[in-house]
Amino acid sequence: MNENDQTIATENAMANGHAEHDDHVAHNVAKHIRGYMLVGATLITFTAITVFLSYVNFGTMKANVAVAMLVATFKAGLVALIFMHLKSEKRMIYRILMFTAFFVLGLFFLTYLAWYDPITR
Amino acid sequence: MEIPYTVTARPDTGLWNAKVGIWLFLASEVMLFGGLFSAYVFLRLDADPGSWPHGLLNVPVGTMNTGILIASSVTVVMAWASLKMRKFRAYWWYMLVTILCGVIFLAVKLVYEWPQKFDHFGAFIKKDKLEKYEQYLGNHHLAERGLAPRREITGHLHNKEALHDENVKEYEIALDPVNADPTNPDMDRPHFLYVPPTDKVATIEKEDVEYANMFLPKHSAYFASYFTITGLHGAHVLGGVIVFTYLWLPMGTKLYKRNPEHLANRVEVAGLFWHFVDLVWIFVFPLFYLL
Amino acid sequence: MDASSGLATHADHPPSPGSGAAGDHHDSGHDHHELPFWRKYLISTDHKVIGIQYGISGLIFLFFGFSLMMLMRWQLAYPGQEIPVIGNLLGRMFGPGAVENGVMKAEFYNSLGAMHGTIMIFLGIVPIAFAAFGNFVVPLQIGAPDMTFPKINMASYQAFVIGGTVMLISFFVPGGAAKGGWTSYTPLAVLSDKGPTYDPFWNGQTLWLVGFIFLITSSLLGAVNFIATIIQLRAKGMTWMRLPFFVWAQFVTAFLLLLAFPPLEAAVVMQLMDRAAGTSFFLPSGLVVNGAPLHISGGGSPLLWQHLFWFLGHPEVYVLILPGMGIVAEIIANNTRKPLWGYKSLVFAALVLGFLSFIVWAHHMWLTGMGSVVSAFFQTTTMIISIPSVIILSAFFISLWGGSIRFNVPMLFATAFLPMFGIGGLTGIPLAFNSADLYLHDTYYVIAHFHYIVAPGTIFAVFAGIYFWFPKATGRRMNEFWGKVHFWPSLICMNIIFLPMFLQGMLGMHRRWYDGGQGWTLAGEKVWGLTGFQWNTPISIAAWVMGLAQLPFIINFFWSIWRGEKVNNNPWEATTLEWTAPSPPPHGNFATEPHVYRGPYEYSLPGREADFTMQSEPMTESDRKAYEAAAAAGVH
């Protein structure tokens, strides 16, 4: 497709009285592009770091798992905050995710607790 | 009355409908994969010490796939940004790359990684017969180092009919390095690069074996959770690819002429889903490939 | 970096004048092209049609699930005797493996039990109480034209139909329908039907799992839609604290479904892997069946299934009851002609209920050998969760106080809900204690307890809701007299059925015996003149009579659709927005965009001529004075 489409699109936007606003948004988005590339590079780097760290023994299995999960959480945090725009999302979304986080942690913690503390073991 | 806020945001929540919808859906997805991962944790904690397998997967291939997925996350966010800046051609290219990344990811999984596993074999020796196969297991050596004993002998099965034919009384296995030279720490798992089975062939009597199978889901709790979680994740990747393809083909992009913002919103929603799929893989990769 | 907030140049319509209550019957003139029948009623995307589809299919499944129980009651009251009239027919339908010479086999009894639970909960009550009422009423009550995602709404219903069909098909596969109980506890469920003729797909338990995946998908799509609708499509002025309590109840319910169902979906997928791919997620090592060790890898955990199942299972209990509470709240406020007492505390109680319901699940698992720390934790949370339930029930009771109550049919059912739910709730408290539950676990006491909540509880609320909103859906009212003929026998039979079960349970009678406890010593002990076993007979007779008592409802329902008394748009003189729309509401619901000025239960507002003031009526000077006076007196 081509510029023709863009012209139509712009005309549409003008008709809707959004033209000024579109410029503003476009400018805003353009500012972030370098950030996206940077995050992508960081994620790839940290993937390499996880692989490297997995061949280092941190003493116990628990420590190894903790290190790997720490790196994974950092990467996941980057994806969620930057790529998924959670850095600046609306309050309603945060509320939904807070509940979800609470329940998923409950699921993990309590099944762990039940494993850890049976009557016969 | 028409349904409002399909493209523009509702003033008090600041959100358009699909954005709320996708985040709610992702919340349920968090719980879905949360359930699977908590099952994984539960089974792993429940396993006998030392019996959870290590280093059975191909790390470089897994790392490559991780990289592909991360790259596709970057391209999809770029596709969205291009639409926001009304650069349709850039959008089209970024979307194409995203779709290709998804397809490559799936192809690597389905054509290379999984079949390679299905072709591998493992036999768990009965507890009272471990001594008989000491030359392949090296448990004395492990005991000296204070490590948990090995119970499984793995490699390529020469006589595949042994799996079904009751008249065949033994398994002939071209041993993996770890069983070919069990006292050599260099042969021990994990290896960064894939090490093929050796030429050394062992014969294992069926009656000494507690349970033996190819590396299928039914091989062990480890492979059961590996195939289930990566299978479900793969289904999500496939779903994402289908949606992206729709948004990339003319039938999806004709919306651009009518209302470019609406298409940008759709790409954002599909992108959010895609990032989530990436996010799940970020945990799958270390849990199954590295730990 | 927010993409869209800048776009929110929301056209500010001037507030439309509140549309009056009474009868303008003509169409809104919005959507005039006629759709063909199949698009209008079979694959419609209109929330009202989908709600009615859900309602009718749910009622059919509800009656079907009840019929399964009527069959089981024969076996319990007269174990080993030939089923009268339909015994031979059943034998021909399900084969001699299920019913031989008119006598029910144990396997068939187990199938009936498992499917009764599954159908009643997932194909009966959830579709009616949540999906049907939620779909039909919620958008109307919040002043929305439709659900946010109409096509997803349609997909949700279609997934439900597929899931239900798969469940029904499973009755006719070799070996019959699933027989591992509605909880499908492993390893029993994973191993069931695994005889020499085992087909990894074509068997009852596997089809149960497949059907379940569709039902879960349906619920998830529905839940996303409900929450998004309530967040996004509230009419102007419809602030959160002006939502009718029914909408709040549906909102919390949708969250429960959204977040509690996926772990079960994960578990169902794993059990499906166990059955179809031979994995051992839920099978421990060293399992021996019929004296032979199983050829499996082992290493799984049956407890894991129970955790994941009850992680859904307990929130599911509130999924069943919360919509019922919402319906009852609307009807009580309407028929006492006074504001619902303690609206805010009701809302917060519902939220707390939903929140806590996620961290009480292991109280279903006291007998699995959990340690004292876990037990203490779950016992405490279980105790705490009774507080919001009691707040809700108390608020309803207090709402009755000093009201000039109209005992029409919806109100009869709603009032009956209160003591019935109360009995069900209070008898749950002994079960919450680890030590008391050791004795009562899996006895008829448990059956009586939860049936009091869902059968005379939720189902009565559902009936109340059907009688109440029927005029909105059809423009006609259901017959009052036949409604009462439906109500009284149902109420009496419900209690004859479930009260004696408490006695049976305390005798120690187990809920899964297929001979009704005939051979068990303690079931021979007499309470109130009958032995535990003999009590089965009056219970069964009451169950069959209750089946008959539903006939007036069925006839009334269909008769009223075409022949019922025609009524205006607001026959109950209610205050919420759905009564401002025409009956039945056209596509798009409202002719003009509704605007909300006040809370949902403004009955008997001082200074007003009518004893009800609709949410869409603008404030007057006298209203303002009335509110100020009320605030000064500390009311509201």
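These legends go with several close-up views of a predicted model. Residues are numbered from 1 along each chain as its sequence is written, with chains lettered from A and ligands numbered from 1 in the order in which they are written. Because the model is predicted, local features need pLDDT of at least 70 and side-chain atom pairs count only at pLDDT 80 or more, while totals for chains, interfaces and linings use all residues.

**View 1. Chain C as a whole.** Chain C has 19 helices and 8 strands (DSSP runs numbered from the N terminus: H or I of at least four residues for helices, E of at least two for strands). Its radius of gyration is 25 Å, close to the 26 Å of the globule rule for 636 residues, so chain C is as compact as a globular protein of that length (taken over C-alpha atoms; the rule is 2.2 Å times the number of residues to the power 0.38). The C-alpha trace spans about 85 × 60 × 55 Å along its principal axes. The average pLDDT of chain C, the predictor's confidence in each residue from 0 to 100, is 90. Do look at residues 1–31 with care: pLDDT stays under 50 there.

**View 2. The bend in helix 15 of chain C.** Helix 15, residues 444–474, bends by about 40° at His451(C) (the angle between axes fitted to the seven residues ending there and the seven starting there). Of its 31 residues, 26 are buried, so helix 15 is largely enclosed by the rest of the structure. Here, buried means 20 or more other C-beta atoms within 10 Å of a residue's own, exposed means 12 or fewer, and partly exposed lies in between, with C-beta atoms placed from the backbone. Just after the helix comes Gly475(C), with a positive phi of about 85°.

**View 3. The largest nonpolar core.** This core holds 296 residues, and Ile227(C), Leu258(C), Val328(C), Phe413(C) and Ala464(C) have the most contacts inside it. A core is a set of buried Ala, Val, Leu, Ile, Met, Phe, Trp, Tyr and Cys residues joined through C-beta atoms within 7 Å. Helix 8 of chain C (residues 245–276) gives the most, with 23 residues. Beyond four places in sequence, Leu258(C) touches residues including Leu24(B), Ala27(B) and Ile227(C) (in contact means C-beta atoms, placed from the backbone, within 7 Å).

View 4. Ala581(C) lies in the loop between strand 8 (565–566) and helix 19 (621–632) of chain C. It is buried, with 22 other C-beta atoms within 10 Å. Leaving aside neighbours within four places in sequence, Ala581(C) is in contact with Leu140(C), Asn569(C), Asn589(C) and Phe590(C). Pro584(C) also has its place in the loop between strand 8 and helix 19, and a cis peptide bond with omega of about -10° joins Ser583(C) to Pro584(C).

**View 5. Two positive phi values in chain C loops.** Most residues other than glycine have a negative phi. Asp193(C), in the loop between helix 6 and helix 7 (204–232), has a positive phi of about 65°. Asp193(C) is buried, with 22 other C-beta atoms within 10 Å. Asn290(C) sits in the loop between strand 3 (288–289) and strand 4 (292–293), with phi near 50°. With 5 C-beta neighbours inside 10 Å, Asn290(C) counts as exposed.

Terms used:
Two residues are in contact if their C-beta atoms, placed from the backbone, lie within 7 Å.
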